[in-house]
Amino acid sequence: VKIIYICNTFKLLKLKYMKYYFLIFIISFALTQSVFAQTDKKIIDIEKAIQDIKNNIISFQEIEKYNDNSGHKYYFVKDKQLQLVTLDFQNDNITKKVEWYFFNGKLIYSEQIWTDTKTKNIIDSERFYLSNNKLISWTKENQAVENNSREFQDTNTQLALYGDKLLSDFK
């Protein structure tokens, strides 16, 4: 009888604590979903800003930084604010096309596409979304790069520095 009582007590305690574990799981899941929703909203806002820049690029001042046999680099400016930097460069049978988009003086997006000039195959395709100079999303070959990986963190640092360099080169 004593063993049955202990077993039943253990089952009741187990059920009681399972409710708490379940509640903690639900709260954790909700918080995670909230963070992802905020990131998704930021990406949607960035996409809108990119589209706005693309739609209005004809009205921007175009500044040629260099243009030679290997490629060219252009800065696009609106009201003395850098909006876009484009780079087209070719070497070793690879065409490199990179774009950096800015909003309110901050890098918000970058995209690079490297193409094999002989086969016309894309050999590298990456997209970077930034908010407040922090990388929030990175896709490489249409696969998300894990945001807590060392590679993600290193790229975050490099992009912030390069965004600042592009801005200082412009001024």
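These are my notebook entries on a predicted model of a single chain.

**Overall layout**

I began with the secondary structure and found 2 helices and 8 strands in the chain. Reading from the N terminus, I wrote the order down as α-β-β-β-β-β-β-β-β-α. Next I looked up burial: of the 171 residues, 30% are buried. I also noted the accessible surface, which comes to about 12100 Å², with 57% of it belonging to carbon and sulfur atoms. For contacts, I took the pairs at least 6 apart in sequence; 26% of these join residues at least 24 apart.

I then turned to β6, residues 122–131, and asked how many of its 10 residues are buried. The count is 7, so I have β6 down as mostly covered, taking buried to mean under 20% relative accessible area.

On one pairing, β6 meets β5 (residues 106–116), and the two run antiparallel, joined by 7 bridges.

**Helix α2**

My last stop was α2, residues 150–170. I wanted to see whether its length fits its residue count. With 21 residues at 1.5 Å a residue, the helix should span 30 Å, and the end C-alpha atoms are 30 Å apart, which agrees.

Which residues of α2 are buried? I listed Phe152, Thr155, Asn156, Leu159, Gly163, Leu166 and Leu167. Seen down the axis of α2, these buried residues fall within an arc of 110°, so they line one face of the helix. The spacing made sense to me once I recalled a general point: an α-helix has 3.6 residues a turn, so residues three or four places apart point the same way. On the other side of α2, I found Arg150, Gln158 and Leu161 exposed.

Finally, I asked what the buried residues of α2 pack against. The partners are β2 (71–78), β3 (81–91), β4 (94–103), β5, β6 and β7.

Definitions and conventions: Residues numbered from 1 in each chain as written. Predicted model: local features only at pLDDT ≥ 70, side-chain atom pairs only at ≥ 80, totals over all residues. Heavy atoms only, no water. Helix = DSSP H or I, 4+ residues; strand = E, 2+ residues; numbered from the N terminus. Buried < 20%, exposed > 50% of the residue type's maximum accessible area, 1.4 Å probe, protein only. Contact = heavy atoms within 4.5 Å. Areas by Shrake-Rupley, 256 points an atom, 1.4 Å probe, with all protein chains shown as cover. Pairing = 2+ DSSP bridges. Expected span 1.5 Å × (residues − 1). Arc of directions from axis to C-beta.
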